[in-house]
Amino acid sequence: MPEVIVIGAGPVGLLLGAELRRHGIDVEILEQRASPGPGSRAVGVHAPTLAALEPSGLTEQLLVHALRVDRGEARSEGRRLGTVRFDRLSARFPFVATLPQADTERVLAAAAPAPDRGVRITGLHPMGHRVELESDEDVRSAPLVVLAGGARSRDLVYAHPAARTYPDRYLMTDVDLGAHRDSETAVVHLDGDGVLESFPLPGGRRRFVAWDPAEASADPEARRRRMGHALERRGERGPAEVTAFAVRRYVAPQMRNGRLFVVGDAAHEVSPIGGQGMNLGLLDAATLAPLLADWVHTGTAPEADLRSWERERIRSARRAADLAALNTRLGRPAGPSVDALRRRMLRAMLGPGAGRVFAHAYAMGFDAATS
Ligand SMILES: Cc1cc2nc3c(=O)[nH]c(=O)nc-3n(C[C@H](O)[C@H](O)[C@H](O)COP(=O)(O)OP(=O)(O)OC[C@H]3O[C@@H](n4cnc5c(N)ncnc54)[C@H](O)[C@@H]3O)c2cc1C
C-alpha cells in the first residue's frame with residue numbers, strides 16, 4: 001500500500017507527486033485519462049510559484065522553456081492607460097514566466113512518479129486510519145489521500161459542488177506571430193466593445209483572449225471571424241484555431257477531512273481572466289507536501305500546521321477569485337460614459353504608487369505562500 005495516493009495527473013497532482021517523492025514518500029498518482037489532456041490553458045507562472053518550486057530544481061527547468069515577461073500594459077483605443085512593472089517588485093523572480101500549460105506539465109511529470117493511468121475514482125471514504133478509494137475496477141486504500149482531480153471531480157468530496165457561473169464568454173487563440181512590437185509585454189486592450197488580452201509566449205507565439213457575447217453563434221467559423229475582427233481592430237493578425245470558454249467561481253469551505261485533502265481546481269476555481277488558477281493549485285501542493293511528509297515520517301499529524309495551511313490556502317483562493325472577478329467586470333463592454341469613467345479609474349489605479357500594488361496583486365504577491 002503506498003503511503004499517499006494522489007488522484008489526478010494535472011499540474012497540481014503531478015507537482016504534489018514530485019514533491020512527496022522528493023521528501024522520500026512512497027506516493028502513487030491515479031489518473032483516469034489514458035494520456036495527458038489536449039488543449040492549451042494556463043500560460044503564466046508567477047513569482048511565488050517560481051520561488052516555491054526553486055528548492056526542487058523545477059523552476060530552473062521551467063525557465064528553460066519559458067519567456068520572462070517583465071511588464072504589462074493597459075491600453076484603450078491604442079493609447080496607453082498605464083503600465084504594471086513586474087521587474088520593479090522585490091521578488092526573487094521579478095517577472096511572469098510564460099509557457100503553455102502542456103510544457104509546465106511535461107516538466108512536472110518528469111519529476112513525478114509515472115501515473116497509473118486509466119483509473120477513474122468513483123468514491124472516496126475516510127475510514128479512521130485510512131481512506132478507501134473506489135474505482136470502476138476495484139477498491140483500494142491509503143493512509144493519506146489527496147484529491148487533485150480538477151473542477152469535475154468536486155462532487156466526490158463536497159455536498160454543494162456547484163460553482164457560480166458568470167454571464168461572460170471568451171474566445172481564445174494561440175497564434176504564431178514571429179517578431180512582434182510587444183514581444184516581451186503583456187497587453188490588455190480595454191475598449192468599449194470588451195477586453196482583448198494579449199500575452200507573449202516563447203517561440204514568437206502569442207495568446208489572445210477576447211470577450212465574446214454569450215448569445216453569439218457557437219459555429220467554429222463564426223467564432224474564428226469574431227476573433228479575427230477583435231484582433232484586426234487592434235492591429236493584430238488573424239487566428240488559426242479558436243476555442244471558447246465560460247468563467248466560474250468556486251472556493252471550497254474546507255480542504256481537509258481527516259486524512260483526505262483536496263487541492264487545485266477541485267477545491268477552488270477562479271476565472272482564467274485573473275491568470276492565477278493553476279498557480280493557486282501549485283502553491284497548495286508545494287505547501288502541503290512537507291506537512292504530509294512530516295506526518296508520514298513521524299507518524300503524528302502536524303495538526304496546527306495543517307490547520308493554518310487550510311486557512312491560508314482558502315484565504316488565498318478567495319483573494320485570487322476576487323481579483324479575477326474584478327478583471328472580469330473591467331473587461332465587459334461599456335457605453336461611452338462608463339468607458340470614459342473606466343479609463344479614468346484605470347489611469348489612477350495604474351499611476352505611480354498605486355501601480356506597484358497592482359503589480360503585486362497580479363503577480364500573486366498577496367498569496368499566503370509569499371509571506
Ligand atoms: C482557458 C483557460 C485558461 C487558463 N489560464 C490560466 C492562466 O493563465 N494561469 C493560471 O494560473 N491558470 C489558468 N487556468 C486555470 C488552470 O488551467 C487550472 O487551474 C489547472 O489546470 C488546474 O489544475 P488541476 O491539476 O487542479 O486540475 P486539472 O488540470 O483539471 O487536472 C485534473 C486531472 O485529474 C483527472 N481526474 C479528474 N477526475 C478524476 C477521477 N475521478 N479519477 C482519476 N482522475 C481524475 C483529470 O483527468 C485531470 O487529468 C486557465 C484555465 C482555462 C480553462
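**Close-up views of a predicted model**

**Figure 1. Helix 1 passes helix 4 in a left-handed crossing.** The model shown here and in the other views is predicted. Helix 1 covers residues 11-22 and helix 4 covers residues 101-111. The two axes come within 8 Å and cross at roughly 25°. Angles under 35 degrees count as roughly parallel, and helix 1 and helix 4 are therefore roughly parallel to each other. On the side of helix 1, the residues in the contact are P11, L14, L15 and A18. They meet Q101, T104, E105, L108, A109 and A111 of helix 4. Sorted by class, the residues of this contact are 7 nonpolar, 2 polar and 1 charged.

**Figure 2. Helix 1 passes helix 6 in a right-handed crossing.** Helix 1 and helix 6 pack with their axes 9 Å apart, at an angle of about 25°. That angle makes helix 1 roughly parallel to helix 6. Helix 1 contributes P11, V12, L15, L16, E19 and L20 to the contact. From helix 6 come M278, G281, L282, D284, A285, A286, L288, A289, L292 and A293. The contact of helix 1 with helix 6 has 13 nonpolar residues, 1 polar residue and 2 charged residues.

**Figure 3. Helix 6 packs with helix 7, which covers residues 303-330.** The axes of helix 6 and helix 7 are 11 Å apart, and the angle of packing is about 175°. Angles over 145 degrees count as roughly antiparallel, so helix 6 is roughly antiparallel to helix 7. The residues of helix 6 in this contact are L280, D284, T287, L288 and L291. Their partners in helix 7 are D305, L306, W309, R313, S316, A317 and A320. By class, the contact of helix 6 with helix 7 is made up of 7 nonpolar, 2 polar and 3 charged residues.

**Figure 4. A shell of 35 residues surrounds the ligand.** The closest of these residues are G8, G10, G150, G264 and G277. Helix 1, strand 2 (27-31) and helix 6 (277-298) are the elements that give two or more residues to the shell. Helix 6 gives the most, with 4 residues. By class, the shell around the ligand divides into 13 nonpolar, 16 polar and 6 charged residues.

**Figure 5. Y170 sits in strand 13, which covers residues 164-176.** Y170 has 24 C-beta neighbours inside 10 Å. A residue with 20 or more such neighbours counts as buried, and Y170 is therefore buried. Leaving out residues up to four places away in sequence, Y170 touches V209, A210, W211, D212, A244 and F245. F208 is 38 residues from Y170 in sequence, and their C-alpha atoms are 10.0 Å apart in space.

**Figure 6. F366 lies in the segment after helix 9 (354-362).** With 18 other C-beta atoms within 10 Å, F366 is partly exposed. Apart from neighbours within four places in sequence, the contacts of F366 are listed as R319, H360 and A361. T243 is 123 residues from F366 along the chain, and the C-alpha atoms of the two residues are separated by 31 Å.

**Figure 7. M364 has a positive phi of about 65°.** Most residues other than glycine have a negative phi. M364 is not a glycine, yet its phi is positive. The place of M364 is in the segment after helix 9. Is M364 buried or exposed? M364 is buried, because 27 other C-beta atoms lie within 10 Å.

**Figure 8. E77 has a positive phi of about 45°.** E77 is not a glycine either. The residue E77 is found in the loop between strand 5 (71-76) and strand 6 (79-85). Around E77 there are 13 other C-beta atoms within 10 Å, so E77 is partly exposed.

Definitions and conventions
Residues numbered from 1 in each chain as written. Predicted model: local features only at pLDDT ≥ 70, side-chain atom pairs only at ≥ 80, totals over all residues. Axes fitted to C-alpha atoms, helices over the stretch in contact; angles between N-to-C directions. Parallel < 35°, antiparallel > 145°, perpendicular 65-115°, else oblique. Left-handed = near helix turned anticlockwise from the far one by under 90°. Contact = placed C-beta atoms within 7 Å. Nonpolar A, V, L, I, M, F, W, Y, C, P; charged D, E, K, R; others polar. Near = placed C-beta within 6 Å. Buried ≥ 20, exposed ≤ 12 C-beta atoms within 10 Å, placed from the backbone.
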